[in-house]
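This briefing concerns the pairing of charged side chains. Please consult the sequence and the structure shown here alongside the points that follow.

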Amino acid sequence: MDPLHTTQPGMPESEAAAEARRLLDEWAGKPVHHHPTSFRDDTTPPAFGTTPPVRQEDYRTVPAWAAGIAIASVGVGAGITGIGCGAWLVLQGLASVSLAGVLMVTLPFAGLAMAATAIGGAISKARAAVTKNVFEGPVTHHTEIHNNSTTRGAFFARTRNTIH
């Protein structure tokens with residue numbers, strides 16, 4: 001189908017061309033409307049004004065899980081700081097340790113350990129002295145050993161001993 005050479009029953013071709021030309025000229029004769037895509041106000045704003053400030057609401061929302069993680073991280077940080085301070089104090093104390101200080105601290109524990117050992121030894125000897133096991137009669141001891149030894153293999157030999 002050729003749009004330039006079609007025969008339609010409504011309008012002759014010369015009239016159609018003249019109508020088309022008229023419509024195009026009418027459209028081209030209209031002024032072009034420009035629609036701005038941005039606007040810049042070049043007037044300087046006043047230093048102060050009579051209008052009071054307008055409250056602008058903050059619509060940012062923080063999810064509950066994010067707030068929980070933030071609070072937990074603050075707590076963990078504070079706890080770790082406390083542990084670090086405690087470790088620092090302990091290590092400062094250990095750095096200033098002398099032999100006399102160690103002996104003075106451990107002397108009560110050594111005394112308690114020595115007393116517990118002496119009391120335990122005395123109790124053990126007291127219990128051992130009271131024996132009522134008296135054996136009468138001849139004592140015989142009979143031991144009979146049967147040893148069967150077998151060796152297998154040449155290079156990686158394995159010896160098996162069976163004692164009855």
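**Salt bridges in the predicted model**

Arg55 is exposed, with a relative accessible area of 68%; here exposed means over 50% relative accessible area, buried under 20%, and partly exposed in between (1.4 Å probe, protein chains only). The model is predicted, so that local features need pLDDT of at least 70 and side-chain atom pairs count only at pLDDT 80 or more, whereas totals for chains, interfaces and linings use all residues. Residues are numbered from 1 along each chain as its sequence is written, and side-chain values use heavy atoms, with hydrogens and water left out.

**Overall count**

- The structure contains four salt bridges, each defined as a side-chain nitrogen of Lys or Arg within 4 Å of a carboxyl oxygen of Asp or Glu.
- Side chains of opposite charge can pair when their charged atoms come close.

- Arg55 forms a salt bridge with Glu57, at 3.0 Å from N to O.
- Glu57 is partly exposed, its relative accessible area being 44%.
- Arg40 pairs with Asp42 in a salt bridge whose closest N and O atoms are 3.3 Å apart, and both residues are exposed.

- A network of salt bridges links Glu19, Arg22 and Glu26.
- Arg22 and Glu26 are separated by about one helical turn because they lie four residues apart in helix 1 (residues 13–28); helices (H or I, at least four residues) are DSSP runs, numbered from the N terminus.
- Arg22 is partly exposed, with a relative accessible area of 43%, and Glu26 is partly exposed at 44%.

Methods. Helix = DSSP H or I, 4+ residues; strand = E, 2+ residues; numbered from the N terminus.
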